[in-house]
Amino acid sequence: MSTVVAVGRPRAFDEDEAVRAAVGLFGGRAYDGVSVDDLVNHLGVHRNSLYKTFGSKRGLYLIALRRHLADDVRPLLDALAGASDAAAALRLVTSADLGLLLLAAIERAPVDEEVASEVKAALAAVDRAIADALGVPADLAAALTSAALGILLRGNPDNAATALTRHLAPLT
């Protein structure tokens, strides 16, 4: 008696590469700016494979957001541990690739509790890393994080990061 094993079609794409590409796509155009057709075309994944692997556009978005947090925010936290002063912490945050985190905070967190939880945890981790590195109170660390993220959002108008850095020197 022989056993017949049904074998599905092998996956024709690298899931890890697809998630990395999705991070870039969502980080550049935001969730609402990316259609399923955009994902299919940009990731080189068939529509059915996308749904089978990730469940939905939102499912892929959550995986991409978590990848961004692991690949881009986690290294920032590690780097912040070595920040010697507030100016160094500001430079680290404003030079990090936080595009998807910022877009998630603005666009998805207000309407998606799961995204809001991820964003809140990531921002709290940045605040803690700054507070721990600089030995400053949590509220001051949160203010520094907010200032740095504001500079990122605004594109560093009139070289605001340099001006703020000059004024931060007395804090540490």
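1. Helices here are DSSP runs of H or I of at least four residues, numbered from the N terminus. By that count the chain of this predicted model has 9 helices and 0 strands. Read from the N terminus, the order of elements is α-α-α-α-α-α-α-α-α.

2. The chain holds 172 residues, and 39% of them are buried. As for contacts across the sequence, take those between residues at least 6 apart: 66% of these join residues at least 24 apart.

3. The largest nonpolar core has 53 residues. Within this core, F26, L60, V93 and I130 touch the most other members. At least two core residues come from each of α1 (15–29), α2 (36–43), α3 (47–54), α4, α5 (86–95), α6, α7 (113–134) and α8. The biggest contribution is that of α4, which gives 10 residues. As background, nonpolar side chains tend to be buried together in soluble globular proteins.

4. I130 deserves a separate look. Setting aside neighbours within four places in sequence, I130 is in contact with L80, A89, V93, G135, V136, A141, L144 and T145. One of these partners, V93, is itself among the core residues that touch the most other members.

5. T145 lies in helix α8, which spans residues 138–154. Is T145 buried or exposed? Its relative accessibility is 3%, so T145 counts as buried, the cut-off for buried being under 20%. Apart from residues up to four places away in sequence, T145 touches V126, D127 and I130.

6. Next, the helix pairs. Two packed helices are described by the angle between their axes and the distance between the axes. For α4 (residues 57–80) and α6 (residues 99–108), the axes come within 9 Å and cross at roughly 135°. The crossing of α4 past α6 is left-handed.

7. Which residues make the contact between α4 and α6? On the α4 side they are Y61, A64, L65, H68, L69 and V73. On the α6 side they are G99, L100, L101, A104 and R108. Sorted by class, this contact has 8 nonpolar, 2 polar and 1 charged residues.

8. Helix α6 also packs against α7, at an angle of about 135° and with the axes 10 Å apart. These two helices are therefore oblique to each other. Here too the handedness is given: α6 passes α7 in a left-handed crossing. From α6 the contact uses L101, A104, A105 and R108, and from α7 it uses V115, V119, A122 and L123. The residues of this contact divide into 7 nonpolar, no polar and 1 charged.

9. One backbone point should be noted. Most residues other than glycine have a negative phi. A30 is not a glycine, yet it has a positive phi of about 70°. A30 is found in the loop between α1 and α2. With a relative accessible area of 9%, A30 is buried.

Note on methods. Residues numbered from 1 in each chain as written. Predicted model: local features only at pLDDT ≥ 70, side-chain atom pairs only at ≥ 80, totals over all residues. Heavy atoms only, no water. Axes fitted to C-alpha atoms, helices over the stretch in contact; angles between N-to-C directions. Left-handed = near helix turned anticlockwise from the far one by under 90°. Contact = heavy atoms within 4.5 Å. Nonpolar A, V, L, I, M, F, W, Y, C, P; charged D, E, K, R; others polar. Buried < 20%, exposed > 50% of the residue type's maximum accessible area, 1.4 Å probe, protein only. Core = buried A, V, L, I, M, F, W, Y, C linked by side-chain atoms within 4.5 Å. Parallel < 35°, antiparallel > 145°, perpendicular 65-115°, else oblique.
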